[in-house]
Amino acid sequence: MNEMRVTVDKVVIFGTANCPNCTKARELAERYYEKVEYKDVTYTKHYEELLGYKVNMTIQPHIWFHMKQESARYIGTYADLKSYIISKNVPTD
């Protein structure tokens, strides 16, 4: 089994439907992780949840890994997710 699937319990992505990098992040996460939760920030409850994380709201998407036996870990944007996967020596294309 892929080492990344073992250590990451769930990937949570905050973004919007009309954001190309949000779509790419979701597709990439779904390719490498079993549980991916997408939260559209055009819905008030997801927007308010993201506000609570005190991130730069002008950048999308925002991605967190929920790790087994650890708290959530902020990954960053689509580029950060892709870099993380590449750092694990897993081809992304």
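**What the labels rest on**

Analyst: Let's start with F65: setting aside neighbours within four places in sequence, F65 is in contact with V8, K10, V11, Y33, S71, A72, R73, I75, L81 and Y84. Contact here means heavy atoms within 4.5 Å. Keep in mind that this is a predicted model, where local features need pLDDT of at least 70, side-chain atom pairs count only at pLDDT 80 or more, and totals for chains, interfaces and linings use all residues. Residues are numbered from 1 along each chain as its sequence is written, and side-chain values use heavy atoms, with hydrogens and water left out.

User: What makes a group of residues the largest nonpolar core?

Analyst: A nonpolar core is a set of buried Ala, Val, Leu, Ile, Met, Phe, Trp, Tyr and Cys residues joined through side-chain atoms within 4.5 Å. The largest has 19 residues, and F65 is among those with the most contacts inside it, along with V11, I13, Y33, I63, L81 and I85. Two or more residues each come from β1, α2, β3 and α4 (78-87). The top contributor is α2, with 5 residues. There's also a second, separate core of 6 residues, including V12, F14, V41 and V55.

User: What makes β1 and β3 a pair?

Analyst: Two strands pair if DSSP finds at least two bridges between them. Strands are DSSP runs of E with at least two residues, helices are runs of H or I with at least four, and both are numbered from the N terminus. β1 and β3 have 6 bridges in the antiparallel sense, with F14 opposite H62. β1 (residues 8-15) also joins β2 through 5 bridges, running parallel, and there G15 stands opposite D40. β3 and β4 run antiparallel with 4 bridges, including a spot where I63 faces G76. Those two strands form a hairpin with 4 residues between them, and Q69 in the turn has a positive phi of about 60°.

User: Why are β2 and β4 said to stand at the edges?

Analyst: The open sheet of 4 strands has the order β2-β1-β3-β4, with mixed pairing. β2 (36-40) and β4 (72-76) each have a single partner strand, so one side of each has no neighbour in the sheet. The twist averages 20° from one strand to the next. Angles run from 0 to 180 degrees between N-to-C directions, using axes fitted to C-alpha atoms, for helices over the stretch in contact. Helix α2 (residues 20-32) packs on the sheet, touching β1, β2 and β3 (62-67), and its direction makes about 170° with that of β1.

User: What makes β3 mostly covered?

Analyst: The count does: 5 of the 6 residues in β3 are buried.

Conventions: Buried < 20%, exposed > 50% of the residue type's maximum accessible area, 1.4 Å probe, protein only.
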